[in-house]
Amino acid sequence: MKHSNKSFTYEDALDFIHGALKLGSKLGLSNIRELLQRLDRPQDKVQCIHIAGTNGKGTVTTSLAAVLSAAGYRVGAYTSPYVFRFNERIQIDGEEIADDSLTRNTLRVKETCAAMVAEGLPHPTEFEIVTAVGFLCFAEEKCDYVVLEVGLGGRLDATNVIENPLCTAITSIGFDHMQYLGNSLSEIAAEKCGILKEGVPAVVYGQQPEEALAVIRAACAEKKATMRMADVPKIREAGYRGSIFSAGGYHDLFLPLAGEHMAKNACVTLEIIRVLREKGISVPDEAIYEGFRSVRHRGRLETVAEDPLFILDGAHNLDGIDALCRAVDGMFGGKKIVLIAGMLADKEYGKAMEKTGGLSEKLITVTVPSPRALSAEKLAETAMPYHQNVTAAPSIPAAVAAAYAEKPDVILAFGSLYMLGEVYEAVQAFQKDKKR
């Protein structure tokens, strides 16, 4: 099958991918297996490290990819969702995949999907399409290793089509996506453990709740997968520019990601590296220091402007909100803080508003640009019993302008990752106007 079609553009590729959203989210592996089989099984042409968990898996994915790149390997990273630009989801050596590579491989997937539908098979979902495009890009770019972040759950996630990862990892387990994964930590942990493979070492976050840990322990034993507990870091300094910590025999590691929870996540990365070294993969100590120093993880306590500090954070489930509150208390206690919040309607937004109640002098709510959005008005109404000064903004740029008008020390926009790109653009526009 020829795949040259000069009329198929980058915009067409994104339209095709996002157009599949209307097909919904279907958990299960039969369709992705069929799709990849017809694409000549690109997932078998790369060596993967597979990362599942509720919180922290993005940090582990990006930091591990950065360390392996610093060690001289060609490294792919597959993450979701994107914050600013779709290409962020498929990266090679820290760079977003090129538009032409994304376009070319999406066309291959589109043609294959059409052939499947013509034969009476279901059309692959958006996530299945993106996963297939990612594997094609990584194989085409001849990546030495691919760090693969699970989209949702683990057992039935499209990424779980890989059969022989070098290592698996389970990051912090908490409550999220309960409509798919179950209402208890043990049920959620069981779904995450679906990525474990026979005889493949499994690295586990160092402060896992006991209820989840018991399930992980049993699943590892059943799969004869050696369970490796990540260290807990000794943190020397932590601020909005990052943390300096020691763990796993390494001293004074610098991670430019704000929040002590990021250093805890990075300890999972350190243990994965230990596993890879035992498999004969060379990762020098200096690559660990250099890789950590170079990590960039968009939308996670990310400072995008100063004077006042403007910080973006994609905390949207309760564990993420807890980590955010601890980080803000530790870094900005006593400062004048304004919050901008936007949430999806299927998240525990009431509890999120309760937990953030003592953080700020003002809360401005926004409607997230997503079909699953909770309205700014509904979020404001929910927040009023917990926050002293609440307003619903008509738009994200209006929220940013209103936050600046309060003349705070810190503005923190948090909630759905889907809103952070628009917040960032509004901040840039505001800063530009200010300089005129």
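This is a predicted model: local features need pLDDT of at least 70, side-chain atom pairs count only at pLDDT 80 or more; totals for chains, interfaces and linings use all residues.

Me: Within what arc do the buried residues of H2 fall, seen down its axis?
Reply: An α-helix has 3.6 residues a turn, so residues three or four places apart point the same way. The buried residues of H2 are Asn31, Ile32, Leu35 and Leu36. They line one face of the helix, because seen down the axis of H2 they fall within an arc of 125°.

Me: What arc do the buried residues of H7 cover?
Reply: Helix H7 runs over residues 185-192, and its buried residues are Leu185, Ile188, Ala189, Glu191 and Lys192. They are on the same side of H7, because around the axis they cover an arc of only 160°.

Me: How is H3 placed relative to H10: what word describes the angle?
Reply: Helix H3 (residues 57-70) and helix H10 (residues 285-293) have axes 7 Å apart and pack at an angle of about 130°. Angles over 145 degrees would count as roughly antiparallel, and 65 to 115 as roughly perpendicular. The angle here therefore makes H3, relative to H10, oblique.

Me: Which residues of H10 make that contact, and what is the hand of the crossing?
Reply: On the H3 side, the contact is made by Ser63, Ala66, Val67 and Ala70. On the H10 side, the residues are Ala287, Ile288, Glu290, Gly291 and Phe292. As for the hand, H3 passes H10 in a crossing that is right-handed.

Me: Which strands are at the edges of the eight-stranded open sheet?
Reply: The order of the sheet is E4-E3-E2-E5-E1-E6-E7-E8, with mixed pairing. An edge strand pairs on one side only, which here picks out strand E4 (95-96) and strand E8 (227-229).

Me: At what angle to E8 does H9 run?
Reply: Helix H9 covers residues 260-278 and lies across strands E1, E6, E7 and E8. Its angle to E8 is about 135°.

Me: Which residue of E3 is the bridge partner of glycine 76?
Reply: Strand E2 (residues 75-78) and strand E3 (residues 90-92) pair in the antiparallel sense over three bridges. Within E3, the bridge partner of glycine 76 is isoleucine 92.

Me: Where is proline 81 found, and what is the omega of the peptide bond from serine 80 to it?
Reply: Proline 81 is found in the loop between E2 and E3. The peptide bond from serine 80 to proline 81 is cis, with omega near -10°.

Me: Is lysine 142 buried or exposed?
Reply: Lysine 142 has its place in the loop between H5 and strand E5 (145-149), and its phi is near 55°, a positive value in a residue other than glycine. Its relative accessible area is 65%. The cut-off for exposed is over 50%, so lysine 142 is exposed.

How values were computed:
Residues are numbered from 1 along each chain as its sequence is written. Side-chain values use heavy atoms; hydrogens and water are left out. Two strands pair if DSSP finds at least two bridges between them. Helices (H or I, at least four residues) and strands (E, at least two) are DSSP runs, numbered from the N terminus. Contact means heavy atoms within 4.5 Å. Axes are lines fitted to C-alpha atoms, for helices over the stretch in contact, and angles run from 0 to 180 degrees between N-to-C directions. Buried means under 20% relative accessible area, exposed over 50%, partly exposed in between (1.4 Å probe, protein chains only). The arc is that of the directions from the helix axis to the C-beta atoms. Angles under 35 degrees count as roughly parallel, over 145 as roughly antiparallel, 65 to 115 as roughly perpendicular and the rest as oblique. A crossing is left-handed if the near helix is turned anticlockwise from the far one by less than a right angle, and right-handed if clockwise.
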